[in-house]
Amino acid sequence: HEMIEDWLENSPPERRLSLWLGERLEHGTKTHNVPHLAQALGYSSDTTIKLWISGKSKVPLRQITPIAHFLNVDIAEVLPYWLSQECPDDEHLYRAGTRILSVWEWMLVSVARDVYGVE
């Protein structure tokens, strides 16, 4: 997954997901914006998404995969921020989340294991 931005890592843990999401939607393309995400998730208005971005409401775990698909990113990029949202006092949990491999990274690890005969 992409490198974690310093500003996000230095943000309050409980706000990392909302800030990450807001950054991608507010500076996104014409199709990657708040109203389109709301529609893609089946909401009749964009109020819920705006509450997530403002930090007034938490993003439910069940929405992490659809959000990742909508933004065309690997879920491994989003999950650490969700962990921070849910357990802001546990920096170890967040750090463990940042070590989750994307599907492409996992493919490289799998090939390396085959080459070097590691099970």
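1. A residue counts as buried when its relative accessible area is under 20%, as exposed when that area is over 50%, and as partly exposed in between. Tyr-43, with a relative accessible area of 25%, is therefore partly exposed, whereas Trp-52, at 2% relative accessibility, counts as buried. The model discussed here is a predicted one, and the points below should be read with that in mind.

2. Trp-20 and Tyr-81 are both buried.

3. The residues of the opening point, Tyr-43 and Trp-52, also form an aromatic pair, which is edge-to-face, with 85 degrees between the planes and 6.0 Å from centre to centre.

4. Tyr-94 joins Trp-20 and Tyr-81 in a cluster that is linked by ring pairs. The ring of Tyr-94 has a further neighbour, in that the charged end of Arg-16 sits over this ring at 4.3 Å from its centre.

5. On the surface, a nonpolar patch is formed by Val-111, Val-115, Tyr-116 and Val-118, which together have about 440 Å² of accessible area. Of these residues, Val-111 lies in helix 8 (residues 103–116), and its relative accessibility of 49% means that Val-111 counts as partly exposed.

Note on methods. Residues are numbered from 1 along each chain as its sequence is written. This is a predicted model: local features need pLDDT of at least 70, side-chain atom pairs count only at pLDDT 80 or more; totals for chains, interfaces and linings use all residues. Side-chain values use heavy atoms; hydrogens and water are left out. Patches are made of residues with over 30% relative accessible area and no salt bridge: like charges are joined within 9 Å, nonpolar side chains (Val, Leu, Ile, Met, Phe, Trp, Tyr) within 5 Å. Accessible areas come from the Shrake-Rupley method with a 1.4 Å probe; for residues, only the protein chains shown count as cover. A salt bridge is a side-chain nitrogen of Lys or Arg within 4 Å of a carboxyl oxygen of Asp or Glu. Helices (H or I, at least four residues) and strands (E, at least two) are DSSP runs, numbered from the N terminus. Buried means under 20% relative accessible area, exposed over 50%, partly exposed in between (1.4 Å probe, protein chains only). Rings of Phe, Tyr and Trp (its six-membered ring) pair if their centres lie within 6.5 Å; planes under 30 degrees apart count as stacked, over 60 as edge-to-face and the rest as tilted. A charge sits over a ring if NZ of Lys or CZ of Arg is within 6 Å of the ring centre and within 35 degrees of the ring normal.
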